[in-house]
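The sequence and the model are shown first.

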Amino acid sequence: MNRREFLTEAGRLATLAIVAGQPGLISLGCQSAGYRRASGPKPDFLVPPDPRLPGVVLARDEDHAAALGAALEGIGGIRRFIQPGERVLLKPNAAWDRVPAQAVNTNPLVVGEMVRQCRLAGAAEVLVTDHGGPRPEEALTRSGIAAAVAQNGGRVIYLEEDDFLEDDLGGRFIGAWPVLRHVFEVDRFINMPIAKHHGLVAGTASMKNFFGAIGGVRDVLHDQLDQAIVDLAAYFRPTLTVIDATRVLMRHGPGGGAFEDVAVRNAVICATDQVAGDSCAAGFLGAAGRDIRHIILAAQQGLGEIDYRRAGFLELGGI
């Protein structure tokens, strides 16, 4: 058995155990599976609230990079979130071996523009990664994200087992779990999902995207998937949420593949409130935040405002 096979099998077996005395709390037993423990706490990525600014900005433009630029300006500008010399991690959805028109990965034009914006703000380094399917290099390449990142001065990371550290998520369902080590090494974390249909949770945007920032045997988290999503959102708490709604997969998510399932919406959402951002994104799927259970749970646990208009909402542009 090689190291990869050992980690996979040990993780699978360890994850089946429920922590004694804490019903419902899963612990991976990461040490025995070969994961190192995090040496310190995860940085606080949040920016100070500003009551003068909206919590959610929706910008529409057929030029998708321009849509992102407008949404950023509406929510306070990139320099509100990135300071000179900071290291930044961008987490797009890049798990599928699909082209951009299939709308299952984050639009590469949006990812590339965010890299460029961070560099303009003086970021020392902009890292981009996702822990998705079994062939990450193919997904990042065919999606166009790898090329867009390189063209704008960022660096793509292709993940290995050594890229995860054990940390205690302190969730209601998830306890100790392997987390992307780069979140301990950067100053800012920007979550960049795509809004799309998902067969297990109806609709998905930012909070579900954190599954790509953890390791381990993630399938076992489907036993309490909605609570697992909320636990991850409570743990990561990103600097900024950027939701790609330029093309929206309306059916057969998350992997999709059929072009007829895609609706062109030419929109980008920027949010400092990830719950409100996801509620806004749900509208592109013909739903509302109150129709999606993990958004309801996140609001009930105090992670944000389920009524995105009450969070402060600004809409820009129109086609």
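The sections below take up the chain as a whole, then its strands, its pockets and cavity, and finally one alanine.

## Basis of the description

The model is a predicted one, in which local features need pLDDT of at least 70 and side-chain atom pairs count only at pLDDT 80 or more, while totals for chains, interfaces and linings use all residues. Residues are numbered from 1 along each chain as its sequence is written, and side-chain values use heavy atoms, with hydrogens and water left out.

## The chain as a whole

The protein chain holds 8 helices and 13 strands, where helices (H or I, at least four residues) and strands (E, at least two) are DSSP runs numbered from the N terminus. Of its 319 residues, 56% count as buried, a term that stands for under 20% relative accessible area, with exposed meaning over 50% and partly exposed the range in between (1.4 Å probe, protein chains only).

The accessible surface comes to about 12900 Å², and carbon and sulfur atoms hold 49% of that area; these areas come from the Shrake-Rupley method with a 1.4 Å probe, and for residues only the protein chains shown count as cover. Among the contacts with a separation of 6 or more, 74% are between residues 24 or more positions apart, a contact being heavy atoms within 4.5 Å.

## Strands and their pairing

Strand β6 (residues 164–168) pairs with β1 in the parallel sense over 2 bridges, and Glu-166 in β6 stands opposite Arg-37.

Strand β8 (residues 188–192) is largely enclosed by the rest of the structure, because 5 of its 5 residues are buried. In a regular strand the side chains alternate between the two faces of the sheet. In β8, Arg-188, Ile-190 and Met-192 point one way, Phe-189 and Asn-191 point the other way, and all are buried.

Two parallel pairings of β8 can be described. Strand β3 (residues 87–92) runs parallel to β8 and is joined to it by 5 bridges, with Leu-90 having Ile-190 as its bridge partner in β8. Strand β11 (residues 240–249) pairs with β8 in the parallel sense over 2 bridges, and here the bridge partner of Ile-190 is Leu-240.

## Pockets

On a 1 Å grid over the protein atoms alone, a pocket is an open set of points with protein on both sides within 12 Å along at least five of seven lines, whereas a cavity is a set where a 1.4 Å probe fits but cannot get out, and lining residues have an atom within 4 Å of a point. Grid points are joined across faces, edges and corners, and a volume is the space filled by probe spheres set on the points.

The largest pocket is lined by 42 residues, of which His-131, Gly-132, Gly-133, Pro-134 and Arg-218 are the closest to its centre. Two or more lining residues come from each of α1 (3–15), α4 (136–142) and β9 (194–198), and α1 gives the largest share, with 4 residues. By class, this lining has 17 nonpolar, 13 polar and 12 charged residues, where Ala, Val, Leu, Ile, Met, Phe, Trp, Tyr, Cys and Pro count as nonpolar, Asp, Glu, Lys and Arg as charged, and the others, Gly among them, as polar.

The second largest pocket has a volume of about 410 Å³. It is lined by 22 residues, with Leu-46, Val-47, Pro-49, Thr-272 and Asp-273 closest to its centre, and its lining divides into 12 nonpolar, 6 polar and 4 charged residues.

## The cavity

The count comes to 1 cavity of 30 Å³ or more, and the largest cavity holds about 60 Å³ of space. At least two lining residues are supplied by each of β10 (202–204), α7 (274–282) and α8 (293–300), with α7 giving the most, 3 residues. The lining includes Ala-195, Asp-278 and His-294, and by class it divides into 7 nonpolar, 3 polar and 1 charged.

## Ala-59

Ala-59 lies in strand β2 (residues 56–60) and counts as buried, because its relative accessibility is 0%. Leaving aside residues up to four places away in sequence, Ala-59 touches Ala-67, Ala-70, Ala-71, Asn-266, Ala-267, Val-268 and Leu-316. Ala-59 and Ala-267 are 208 residues apart in sequence, yet 5.6 Å apart in space, C-alpha to C-alpha.

Notes. Two strands pair if DSSP finds at least two bridges between them.
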